[in-house]
Amino acid sequence: MNNPVLSLDLRARLRERRLWILALFLVAVPMVISLLCLAVTGVASIAGRDPFSEGGSMLGAIAIFSHGALLVLLSALGAAQRISQERERRTLPALINSPLPARRIADGKLLGAWAFTLWLAFTTLPFLAMASLWGGLPFTTLLLCWALNLAAALAAAALALGLSGLFGRSLSAYLATGATLFLWCAVVPVIGLFTIAGSNSGHDLWTETILPSLFFYHLPLAPQVMVFAAEGKKALSVAPFVSALVVWPTLALFGRHLAIRGLRREVY
Amino acid sequence: MITPASSRPVGAAPSPAVGSRPVGAVLQTAPSLVLSITGLRKRYPNGVEAVKGLSLELRRGEVLGLAGPNGAGKSTLLKLIAGLLRPEAGAILADGEDVTGSPERAARHIALMPDPLGVYTDVSSREYLRFFGQVFGLRGDALDARVEETADTLGLGPWMEAEVETLSAGWQRRLALGRALLSDAPILLLDEPAAGLDVGARADLLALVRSLAASGRTMIVSSHILPELENLADRYAIMQDGVWVEAIPGRTSFTREELREGLDGGAAHELRVAGDAATLARARAALDAAGVPFSESATGGLGEAVLKLLHSPAP
């Protein structure tokens, strides 16, 4: 796809030191956690348990969940200023006063944000391989969780890009993105807890599938938790995946729609 | 007394007021007309009405010098024409395209050099021009050739590999002008192309704009300093408080000869105002209140401004 906005974005971003520092941060956090894992493995070894598979499981779980949380957060923050910054720096009039439709500008910005997310995601693959070699969890399980992390981060990035189109100041866009992530990851599950607690229905389908699908399964790390919980069991519930695979693309499409609308707003 | 004449289109014979034609109304224009604006109104969300029912007609290859004090509404008018702002009322037809109805399509016909420039600072001049070349649909050899041609025209050659943020204000202005030149749009809108430049850079840039004017594109060049536009435009119009000023009684635009005559005549009505910023502001406000168009052509030193009256107030 030949999108000049994407090409310029990639060229400019690759020169940014910030990008490398963020990647370093993403590598450093699992590295510190891995060292902790090694220490725990040592303790387990002294206690006479199988240190390698326990350490490997722990390393895998920690790598996946710390990676997932950081990836969603950093991807969203990385996308949150992409349009608002154009307004702030007064570069938007020149871009809008061109034959490039708002849809293509938004797509270029979105693909640029996603390229950044992909770059961050790939930095953790070596740790997952290490955790797999350590024993405990099969590499396919770790890879599935890694892919789910990536999908959740792509949705968060698209949503953040859409929000950035609504604001003329990057600080406002960052705050709106943070508030939206908080709403999604903290407020919605709390509402869900109260709803389930207050539900008098005895139907298993309602309390065990529909309400969790509405309030929990689409959370950025929920399907990964279910994958880890089902490890070693024969049956894996599909409800978390259905919920996530409906909600995440919907959020991404909504973000893209907001971005296009934002680019069609007046440019003062 | 010189009076504003907002409803009379610049470039047309005096005509009855057009009023507030609904946004998006289709206008039929004569073949030679490349830009037609009728009854344009724009109010910002803060309540300020920056453009109050302006009309304007420009023919192919014509260059309009748009003058007026800061806050007169010049930049708003240019942004409206470029489709960046939506008018409350009025219609804009650019090269046959309805700007108010389909601003994205109209962008193919209009290239704006905005003020402030808003150039990307984290890329090189070459990357900047290549990017906008691609945006304007150029690819491959055609893109390379056009970028080189534009760089040669603007004298950007030695600075093509330099990061934009390392360029001086003058070179950044040339780069922004280069962006507009990469477009094949028949209408060029240059908002304060020489603002903030020193005397030498200003003369260079205006000479460049003059050569562009000779190339046959339809242009609107704005400045808050009217004499700066001398030798540049075919016709001139003055905006003040969102309306055209009848700089010559009964007319909202005037020719280069009439401008020179006015400036020469204006020398006799030259005001030298010395004092602090508040004093200068009071002098400007007094002229504004009297409806006397003036150009602030030079500053004689710290705290001194020379206000040249384009026409003396009525006795």
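1. Start with S1(B) and strand S4 (residues 89–94) of chain B: five bridges join them, and they run antiparallel. Here strands are DSSP E runs of at least two residues, helices are H or I runs of at least four, both numbered from the N terminus, and two strands count as paired if DSSP finds at least two bridges between them. Leu35(B) sits opposite Ala94(B) in S4(B).

2. Ground rules: this is a predicted model, with local features needing pLDDT of at least 70 and side-chain atom pairs counting only at pLDDT 80 or more, while totals for chains, interfaces and linings use all residues. Residues are numbered from 1 along each chain as its sequence is written, with chains lettered from A and ligands numbered from 1 in the order in which they are written.

3. S1 (residues 33–43) of chain B also pairs with S2 (residues 49–59) of chain B, antiparallel again, over eight bridges. On that side, Leu35(B) has Leu58(B) as its bridge partner. The hairpin of S1(B) and S2(B) has five residues between the strands, and Gly47(B) there takes a positive phi near 95°.

4. Zooming out, the chain B strands make an open, antiparallel sheet of four in the order S2-S1-S4-S5. S2 and S5 (97–98) of chain B are the edges, each with a single partner strand, so one side of each has no neighbour in the sheet.
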